Amino acid sequence: MSDVSTRATLRAGSREWRIHRVSELAPPRLPYSLRVILENLLRHGAPAGQVRAVAGWEPRGERTAAVDLHPARVFLHDTNGVPALADLAAMRDAMAALGGDPGRINPAIPAELVVDHSVIADVFGRPDALARNTELEYERNAERYRFLRWGQASLDGFTVVPPGKGIMHQINVEHLARVVMRRGDEAYPDLCLGTDSHTTMVNGLGTLGWGIGGIEAEAAMLGQSVTILVPDVVGVRLHGELPVAATATDLVLTLTELLRAHGVVGKIVEFHGPGVTALPVTDRVTISNMSPEFGSTAALFPIDAETIRYLRFTGRSDEHADLVEAYARAQGLWHDPGAPPVYTADLDLDLGSVVPSIAGPRRPQDRVPLDAAKAAFRAGARSPVPADQEITHGTVAIAAITSCTNTSNPSVMIAAGLLAKKAAERGLRTKPWVKTTLSPGSRVVMDYYGEAGLTPYLERLGFTLAGFGCMTCIGASGPLVEEVSRAVAEHDLDVAAVLSGNRNFEGRIQPEVRSSYLASPPLVVAYALAGTMDLDLTTEPLGLDPAGRPVFLKDIWPAPEEVRDVIERVIRPEMFTRAYAGVLDGDERWHRLDVTGSATYPWDPASTYVRRAPYLDGMSPEPPPVTGIAGARVLVKLGDFITTDHISPPGAIPPSSPAGRYLTGLGVPRHRLNTYASRRGNHEVMMRGAFANVRLRNELAPGTEGGLTPDFLDGGTITTVYEAARAYQRACVPAVVLAGEGYGAGSSRDWAAKGPALLGVKAVIAKSFERIHRSNLVGMGILPLQFLPGEGAAELGLSGRETITVHGLAALGDGHVPPAVTVTAGGVTFEARVRLDTAREAGYYRHGGIMPYVLRDLLRCSL
C-alpha cells in the first residue's frame, strides 16, 4: 500500500512541491491527526500492515496495532536538554570505547533547544528584578550553558535559543513551528515531538506534536522511529460564544475538567465545529497547551483561515503561508466545521456555558467556579490559628503571571494590564505579604504592554518583569516574603499560590505553599489585591479606595471591547519580526562562555552540574540475557495520581535532603544549591532526589511526608529512600515500586525514570500509567506491570513489606512479550499485565533501555 502511487505534485504560489497524498488511501472522514500519521508512514516506507492499521482505522475498533513514526524535528528545553546532551556525550564515549566512530552520535533531524527553565524568581517587585534574576541565572548555570554551547559547536543540526528569549512553547508557536516542513522540493507535515509535555501547545496552530521522554527524544534525534499504538481520537464540538466575563483560561479549565472526567489518556483530542472558527489561534494554543492536564496525547485544532492569518501576522513569509494552506486543503487537513471526521467518541461544549473559574488546590482538573471558591477553600480541615494572626490559612503568598499557557495570549494579558490600571487608579495596592511576579512567555508581551501604556500600572502593583521563562509554574518561585515564611513555620499554615499556569501539583510551586490555584492573569492580579483565598471575589470587595469606598472586582473588570480595542490598536506584525530577528543571538554573557567543538566532551570530574552518568559503563556489544526479578523489596508504596513531580521534584534543593547534603559535602554553599531542575545533568544529585518531594506520602512510612521509607535489611528502620535503595544495591537486592491509578502523571520528566533506575528499581507495579512516564520507564529498562482490573495493592492485601518475585520474563529474551506474568508477594500470588506495548519496546527492555539499544544499532553500522 505504501508504494509510489501515493506520490503527487502540489502547486503553491509559483512553486511545485512533491507530497505523499493521503487521500489515495484515507477514507474521507478520517480524523485530521491520523491523516498526519498516515502521511508519515507513507513517506518513510512503513510496512503495509502499519499503513492499513491507520488507513483502515475504525472509530470503535481494537487498539492493538503499533506504528513507527519519524518526527520532523525534536524540541527540547534546557533542564531536559542538558541530561539529553549528557547522554549523547556519554554515548559518544561508549561508541569510542567499543571501537566505533563517535561522530555517528549526531542528530539526524533538526533538534531545537530553548533555554527557559533555569531562571528563578529570586528578586521581584523591583525595577531591577529582570537584571538581577538574569545575573543570578548565569552565576548558577554558566557551567550548564557552556555545556550546551559545546553541543551546539560539536553536533550538527543542534540549535540552541539562548536564555531570556521567552518560553519554548511560545517561541515554537510564534516562530519555530513550520506547520508544513520543506526539504528540497518536498513538503510534509511538521510532526514535532518534544521533551516537555506541553509541546502540545503547537497543536493549536494545526501542527501535530506531543511530549516524549528525554531518552526517547535522544533515540529520535539519532534517527530511530518513535513507536505508538494507533490511538482512539475523541472529537470535541465547540459552538456558541464565550460570555462577557469568561476568558480563554476559564475555557481551558472547563475543558480540562470535562476531558479528565471522560477519560482521554493515550487518546488524541480534536476540536471542531463553529465555535472553533470563532476562536483566535492565541486561544486555541491556550487550550492545546493543557492537553497533558486532560491526559491526552495531543489536542489538535485543524488548520483554517485563522491559522493562515496568524502565520502571516507573526512574520512567516507569504510563500510559506500559501504552502500551508494549499497543503492542508490537498491533504484533507483543512477544517470544515460542517463536516467533522468520525471519532471514537463525540463530546460537545457550548462556549456560552463557561463561567469564571479557578482550579485547585492540588490538581488542574479540580475546577471551582469563582463564586464557589471561598466555600471550597473553607471546606478543608486545618489547624487553629490565633485570631490576631494577619497571615493565616488561605493567605495568598504568591501571585504569579507565569507559564506558557496564558502569558502570551493577548486577550488575557491585556485584560490583566487593564485590570491593574483600573485598580491602581482606584488607589488599590497588593497586600505586602504577596510575592508578585510577571514572567511572560514571549518578549512581544512587554512590547505591547509598553505600547499600550500598561506597564507602569502593573509595576505599581508589584508585577514588574522578573524574567522571560517558566519560573513559578515549574517551581522556580524563589523564597517567600520572609514574614510569610516565618508564619508558615510557626503556625503550620496552609498558604496559597495563585498562578496563571497549567500545573498545581503538591510541592511543585513552592515547598512552603500547600495550596495552589490556577487562574487567568486578571484573576491573579485580583487575588494579589485581595491577599487571601478566604474571600468571595464575586460579592465581597477587593479593598477600599482612599475615600473608604469598597472596590469590587466587577468595578475594575475590563469589558471585552476594551480588551479588543487595545489589541487592535497596539499589536502589530513587526513586533514579532523584531523580537525574533536575533532569537539565536545571546547577550554578552552567553558569548563569554567560550567553547570549542570536539568529538567527545572533556568531562570535569569536579563538576557539580554535568557528570557522565554510568548507564553505559562496561556495556557489551551484544545484549545480556533477560533475567527475572527475584527477592525484590518494595522501595515505596504509593497511592493514586502520583506525578512525576512527586517522583523527581523540580524545585529548590533543601539543604537537609540527601541531594543537599551531597552538594554541601562537596563544598557548595547552601545558598547556591540551586534547583533539582538545574542539576539534571548530574546523576549523583538526581538519584538522591528520586522520591524526595517534600509532599510525597509513602504508605510504608505512615505519618511522614517526603522521601522516607523503611530499610527492610535493617529491621525496617525509617531512613531516606536514597539510603534504603543504596543498602539494597549493596546487598544485590532488586527494588520495586507499588502504586495506584495514573502513576507518572504530569511532566515528561526523564529523571522520574532515570532516578529510580539508578536506585535499582527493576519494576513498577501500578493500577495504571500515564503515557509518557510508562514509555520513559521502558526506556530506562524498568518493567511496567499493571494490576488486572479490580485489583491493586490494597485489594490484594499487600502491605508492601513482602518480598516480591516476578516469574515468566525469560520469554522476553526471545523477543516474545507475554501478555501477563505471575507475581509472588509473600503469601499472595497474582497476575500482572506486561506493559511493553510494542515489539520496539520489548527490544528496548531486552537491551536494558533505549540508550544501549540505539548504541548497539549504530555500532553495527559503524564497524
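What we have is a predicted model, in which local features need pLDDT of at least 70 and side-chain atom pairs count only at pLDDT 80 or more, while totals for chains, interfaces and linings use all residues. Residues are numbered from 1 along each chain as its sequence is written, and side-chain values use heavy atoms, with hydrogens and water left out.

Let me begin with helix α1, residues 32–43, where helices (H or I, at least four residues) and strands (E, at least two) are DSSP runs numbered from the N terminus. Because 12 of its 12 residues are buried, α1 is largely enclosed by the rest of the structure; here buried means under 20% relative accessible area, exposed over 50%, and partly exposed in between, with a 1.4 Å probe and protein chains only. The buried residues include Arg35, Glu39 and Arg43 as well as Leu34, Val36 and Ile37. Just after α1, Gly45 takes a positive phi of about 65°.

Strand β7 (residues 180–183) and strand β8 (residues 186–189) run antiparallel and are joined by four bridges, two strands being paired if DSSP finds at least two bridges between them. Met181 stands opposite Tyr188 in β8, and of the two residues between the strands, Gly184 has a positive phi near 60°.

Since Arg18 lies in strand β2 (residues 15–20) and Asp185 in the loop between β7 and β8, the pair ties together parts that are 167 residues apart in sequence. Arg18 is partly exposed at 42% relative accessible area, and Asp185 is partly exposed too, at 35%.

A second pair, Lys422 and Glu562, has its closest N and O atoms 3.1 Å apart.

Which side chain of opposite charge is nearest to the buried Asp283? It is Arg284, 8.3 Å away, and Asp283 has no salt bridge, with Lys and Arg counted as positive, Asp and Glu as negative, and His and the chain ends not counted. Asp283 sits in helix α9 (residues 281–289). Leaving aside neighbours within four places in sequence, Asp283 is in contact (heavy atoms within 4.5 Å) with Ala248, Asn409 and Ser411.

Now the cysteines. The structure holds zero disulfides, a disulfide being a pair of cysteine sulfur atoms within 2.5 Å. For Cys192, the nearest cysteine sulfur is that of Cys404, 13 Å away, and Cys192 counts as buried, at 0% relative accessibility.

Finally, the backbone. Most residues other than glycine have a negative phi, and most peptide bonds are trans. Against that background, a cis peptide bond joins Gly360 and Pro361, with omega of about 15°, and Pro361 is in the loop between β16 (357–359) and β17 (367–369). Phe641 has a positive phi near 55° and lies in the loop between β24 (629–637) and α23 (644–647), where Phe641 is buried at 16% relative accessible area. Cys732 has a positive phi of about 60° in the loop between α26 (721–730) and β27 (735–738), and is exposed, with a relative accessible area of 72%.

Note on methods:
Salt bridge = Lys/Arg side-chain N within 4 Å of Asp/Glu carboxyl O. Expected span 1.5 Å × (residues − 1).
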